[in-house]
Amino acid sequence: MTGRRGGIGEDGWWIDAFRRSPARLGGAREYKEWQHFLVHARDVHLLVNFSLIDDTWTGGAEVGRVIALARREGWEGDVERIAPEDMDLAAGRIDARFGRHAMRFDGRSYHIEVELARRPLKAHLRFDPTSVPAVAWNQPLAASRSLSWLFVPRLEATGEIELRGERFAFERAPAYHDHNWGHFRWGDDFSWEWGSALSWDPACPWSLVYMRMADRRRTRVICQGLYLWRNESHHRVFRDRQVSVQWQGPWRSGRSLKVPRVMGLLSPGEGGDLPNRIEVRGVSGDDEVTLAFEPADAAEVVMPSEVAPTEIAALHECWGRVRAWGRVGGEEVALDGPGVFEFVRD
Amino acid sequence: MVQGSLNSSGIEGDLVSLLERSLDAIAEAVPACHAALRAALEGMSVGVTMGDDRLRATFSRDVVHLSRELTGADVEIRTTRRTVLEIVEDGLPLDVAVWNDAVAVQGTLDAVARVHEGLRIYTHGAVRTPKSAGLLARFREDARR
């Protein structure tokens, strides 16, 4: 047991509450918001995402979406669309029901319940934060577009995942959580790279998050950052010109799971333009940290573009090994563990 | 937008009825996709056989004409409802289905390439159309019969 305490706590819970679309009240449209969780158990990995979307194809009505992806000797999972009448949530509250799925916050821990209707995947999990969150509001994404986020880089997940009839129970598995919200369309002139890095060793004090926002063709970086936590606390942030990124590639991922599966017709073949190694280096004064990620596997969430009627946008969820090394404040930084890097591509 | 040659005993779940409703729904929800589909396949006829069910879709600049007569199709496709569901719901790659003869395609290379592009545009329209879920559910029901 690490003994760390983190998270938003009983007094700060409001910061991670759902905002919901202002379009419901006559405000700006094209709103998107999601609560995102990653779990790295030794035998199985899980991604769960609860989303709210102003649906372009139904006149902008707010609909829900739940993504659940599990990785063990291959991938399983799906995207489920949740009709407004099947959701129970409120602005200013974390607790939410999305059809058969639910998330809630008890003042200390997050709880999620997921059960896919058409695929053999269920999860009942508790997430105990062991790091304080970072919050950033209205970060530039594209022209007249911005994105806000909160991330809790390190949590411990306890519970059970049932995958293809096989049950995996675990305690205090490394986990990650973030919450994003903003107004944009899939297909707007942006792309992003977002990575989380955790250690398999519960005694390791380090965790990291990397983000880079760029234009759609990735010719211009809009903002970038490398965030280092030491135990439960923010420790060092490297931003923009303090960060350099190197790629090796391309990575031949082979056929990956694409969800919803019908979108495989629109995004056939291998994942496009992904690195087989990415190194992110943050340097400022005497402080220097390098984060390296090598993907082993990927699944793809494919969405119809909201800008062009015969194009798509894809989130490549890449799972693999992360290592970090460096020195901050005279102290050595070292990390080796599981990571997930998300790449937005056409 | 769609002219259907349905006889008085046309069954709602048959291929022609389902495709007619699907194309009408796409024309309503995503007119740009419907226009792109007609443009991509203008002047062509595509025949589809699924078990005992068959249709021919003939594309002009302004309309799509559906009938149950297969003769005269530029490209003929033969498959089953089960295979279509495996592609749409189970992630069976289309190229694998073709290689395994679960989808048989006959036509000139150029015509087949145009039909493939038409399928891509049709899918773009369908995934953006709210009514597609209900039509797919009906298609799935009839696959179980």
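The side chains of R236(A) and D287(A) are joined by a polar contact of 2.7 Å. A polar contact here is a pair of N or O atoms within 3.5 Å; within protein, one atom must be able to donate a hydrogen and the other to accept it, and residues adjacent in sequence count only if both atoms are side-chain atoms. The model is predicted: local features need pLDDT of at least 70, side-chain atom pairs count only at pLDDT 80 or more, and totals for chains, interfaces and linings use all residues. Residues are numbered from 1 along each chain as its sequence is written, chains are lettered from A in the order in which they are written, and side-chain values use heavy atoms, with hydrogens and water left out.

R236(A) sits in strand 16 (residues 233–239) of chain A. Helices (H or I, at least four residues) and strands (E, at least two) are DSSP runs, numbered from the N terminus. Neighbours within four places in sequence aside, R236(A) contacts L226(A), Y227(A), L228(A), S284(A), D287(A) and V328(A). Contact means heavy atoms within 4.5 Å.

Backbone geometry was examined next. Most residues other than glycine have a negative phi, and most peptide bonds are trans. N138(A), in strand 10 (residues 134–142) of chain A, has a positive phi near 50°. The peptide bond between G249(A) and P250(A) is cis, with omega about 5°. P250(A) lies in the loop between strand 17 (243–248) and strand 18 (257–259) of chain A. Another cis bond joins V259(A) and P260(A), with omega about -15°. The loop that holds P260(A) runs between strand 18 and strand 19 (277–284) of chain A.

The whole structure contains 2 cavities of 30 Å³ or more. A cavity is a set of points on a 1 Å grid over the protein atoms alone where a 1.4 Å probe fits but cannot get out; lining residues have an atom within 4 Å of a point. Grid points are joined across faces, edges and corners, and a volume is the space filled by probe spheres set on the points.

The largest cavity has a volume of about 230 Å³. Its lining counts 23 residues, and W34(A), H36(A), D178(A), E317(A) and E342(A) lie nearest its centre. Strand 13 of chain A gives the most to this lining, with 4 residues. By class, the lining of the largest cavity has 13 nonpolar, 6 polar and 4 charged residues. Ala, Val, Leu, Ile, Met, Phe, Trp, Tyr, Cys and Pro count as nonpolar, Asp, Glu, Lys and Arg as charged, and the others, Gly among them, as polar.

The second largest cavity has a volume of about 50 Å³. Among the residues that line it are W186(A), F190(A), R216(A) and D346(A). Its lining divides into 4 nonpolar, 1 polar and 4 charged residues.

Between the chains, 20 residues of chain B contact 17 residues of chain A. The buried area, meaning accessible area (1.4 Å probe) lost when two parts are put together and summed over both, is about 1600 Å². Carbon and sulfur atoms give 66% of this area.

The interface has 3 salt bridges, each a side-chain nitrogen of Lys or Arg within 4 Å of a carboxyl oxygen of Asp or Glu. D90(B) and R119(A) form one at 3.7 Å, N to O. Helix 5 of chain B supplies the largest share of the side that touches chain A, 5 residues. That side of chain B has 11 nonpolar, 3 polar and 6 charged residues.

How values were computed: On a 1 Å grid over the protein atoms alone, a cavity is a set of points where a 1.4 Å probe fits but cannot get out, and a pocket is an open set with protein on both sides within 12 Å along at least five of seven lines; lining residues have an atom within 4 Å of a point.
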